[in-house]
Amino acid sequence: MTEIAYSSRRHRTRALLAGTMTALLVACSFGAQAEDARIDEAVFDAQSTFFAAIVKVEHDGDQWKEVLPGNVGFDAHLKVDTKGRGYVERVGVWLGDCNGTECGSYPRILFEVPNQRDYDVNRSLSFPVEQLLEARSGALFYRKRIVDGCNAGPANQRHSFKMTVDATFSANTLKGLDAEVDISEVGWGFNGGDVTRHDTFDVTVDCLGPPRTGADRNADREPHRTKVTATGIDLFLQTFVTPASTQHGPSGTQCKPLKVTTRVATDKAGPVNVKLWRQVNGGAISGEAKQMQASALGGGKFGDDWTQVEHFTQTTTVQYKAEVLGGTFGPSTQWKSITIHCNGDFAPPQSNANPDNRNPPAGKPQNEARVPTIVTPPPRVTPPPPRIVCVGGKATASACACPPSTSAIQKSSTSFQCVKVAQVPDRRVNWQTSHASMPRRPMVQIKTAPGPRPQPMHRPFMRPGFR
């Protein structure tokens, strides 16, 4: 009986220890998870761009039924300020009204990995009409709202109406000493984060009324076949300063903002689609499309400017390229780069920066995600050679030339002094001079008696081969 009680207590003790260890492991696992940053301010301000937000619907003879392909967009101000050691890891914009990770089921039109303490940018967002048709406001898809809105208007007559579209901006923030994240580990999937803001923008729905010819249908089905022809495109990069434009980084750095201007020239007034490519510090390439509206400039010229302002929080090298969309031979610019130096060492204003020698590969990139900026060290400056000081002589580029009978004595690495050198007497004696002054002795000839003549030696005869 005692043995059974002891065994029972032993099993209860093991179970208690196992439960305690499990609780500790769960607590450690939750403590090891990354914490969300504290937020000081988060802003999402969507602004409608009327000429770039037109959706066309075709009439089939009985009703409005088919939404024509094309591009629409809006301008947005995106901002997330963190407190303390927080930083912004990833951001995204979705069509529709969603919260947190549920945004993964909505069409995403922007994804960036800023990976910096504060995120404050202005973006012109452009996306295909197909993405708008897949989005929804609550349970009602925008495709149905567009078609029903056209059919609710005057029958068999062209008309238009404005439709309000919901949009969501969401960011993922973290706490940490340094915002260093490997992009390969992050991946390109992002369904929403811990900071979410909502806003709306307007699009114009153009309900095309019958009768329509085949040529008109083809023009609407292929928007790039427009009557407006782009005759040229140019790109300008320039830093500037205003009382509130200088961007402050997490370590007190100060950087001038960069103004990127895309200028297009056309043969007449009307819309033209343009795309701006962007690459930061040789990383991934991203692109933004916009429908520009060319207008009369005077002197028979037509065109439009698209201006964007980029903010940086550390020294960054960034390059851009602009091209006209539509057609096989649309004009485009070369890649142009500029380096933004911070902490007062700003890049000089440039109206047309020189192309970077390491151009990205030809063709449109497949990956349109942006990467965090990195610090680019300033160019190394070679110091001038030291100045030679020569006292009592003449200083040359690398030595000290002294007059005759003097010699240069080195005082320091760059200082020399010419000092007169004492002549050492020559103790060597001239042999000819010394012997010429000595009296010569008379020469005496000694005669000896002749001796016997030496006799030749005779060797004995030896046979050949005998030694």
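A disulfide is a pair of cysteine sulfur atoms within 2.5 Å. The model on screen is a predicted one, and the tour starts with a pair that meets this cut-off.

**Stop 1: Cys390 and Cys400**

Select Cys390 and Cys400 and show their side chains. The two residues form a disulfide, with sulfur atoms 1.8 Å apart. The torsion about the S-S bond is 45°, and the link of Cys390 and Cys400 is right-handed. Cys390 belongs to strand β21 and Cys400 to strand β23 (residues 400–401), so the bond ties together parts that are 10 residues apart in sequence. Now colour by accessibility. Cys390, at 13% relative accessibility, counts as buried, and Cys400 counts as buried at 15%.

**Stop 2**

In which sense do β24 and β25 pair? Strand β25 (residues 415–420) and β24 are antiparallel, and five bridges join them.

**Stop 3**

How many disulfides does the structure hold? There are five. With the bonded cysteines of the protein numbered in sequence order, the pairing runs 1-2, 3-4, 5-6, 7-8, 9-10.

Select Cys255 and Cys342. A disulfide joins these residues, with an S to S distance of 2.0 Å. The torsion about the S-S bond of Cys255 and Cys342 is about 105°, so this disulfide is right-handed. Cys255 is found in strand β14 (residues 254–255), while Cys342 sits in the loop between β20 (336–340) and β21, so the pair ties together parts that are 87 residues apart in sequence. Cys255 and Cys342 are both buried.

Move on to Cys150 and Cys207, which are also joined by a disulfide, S to S 2.0 Å. Here the link of Cys150 and Cys207 is left-handed, with -85° about the S-S bond. Cys150 lies in helix α3 (residues 142–151) and Cys207 in strand β11 (residues 195–207), so this bond ties together parts that are 57 residues apart in sequence. Are Cys150 and Cys207 buried or exposed? Both Cys150 and Cys207 are buried.

**Stop 3: aromatic pairs**

A pair of aromatic rings is described by the distance of the centres and the angle of the planes. The structure holds six aromatic pairs.

Select Phe44 and Phe169. Their rings form a tilted pair, 5.9 Å centre to centre with 40° between the planes. This pair links distant parts of the chain, since Phe44 is in strand β1 (residues 39–48) and Phe169 in strand β10 (residues 159–175), 125 residues apart. Phe44 is buried, with a relative accessible area of 8%, and Phe169 is buried, with 1%.

Then select Trp94 and Phe190. This aromatic pair is tilted as well, at 5.7 Å centre to centre and 50° between the planes. Trp94 lies in strand β5 (residues 86–95) and Phe190 in the loop between α4 (183–186) and β11, so the pair ties together parts that are 96 residues apart in sequence. Trp94 is buried at a relative accessible area of 1%, and Phe190 is buried at 5%.

Finish this stop with Phe74, Phe127 and Phe201, which ring pairs link into a cluster.

**Stop 4: two arginines**

Select Arg136 and Tyr106. Arg136 lies over the face of Tyr106, at 4.1 Å from the ring centre.

Last, select Arg123, in strand β7 (residues 119–128). At 3% relative accessibility, Arg123 counts as buried.

Conventions. Residues numbered from 1 in each chain as written. Predicted model: local features only at pLDDT ≥ 70, side-chain atom pairs only at ≥ 80, totals over all residues. Heavy atoms only, no water. Pairing = 2+ DSSP bridges. Helix = DSSP H or I, 4+ residues; strand = E, 2+ residues; numbered from the N terminus. Buried < 20%, exposed > 50% of the residue type's maximum accessible area, 1.4 Å probe, protein only. Phe/Tyr/Trp six-rings, centres within 6.5 Å; stacked < 30°, edge-to-face > 60°. Lys NZ or Arg CZ within 6 Å of the ring centre and 35° of its normal.
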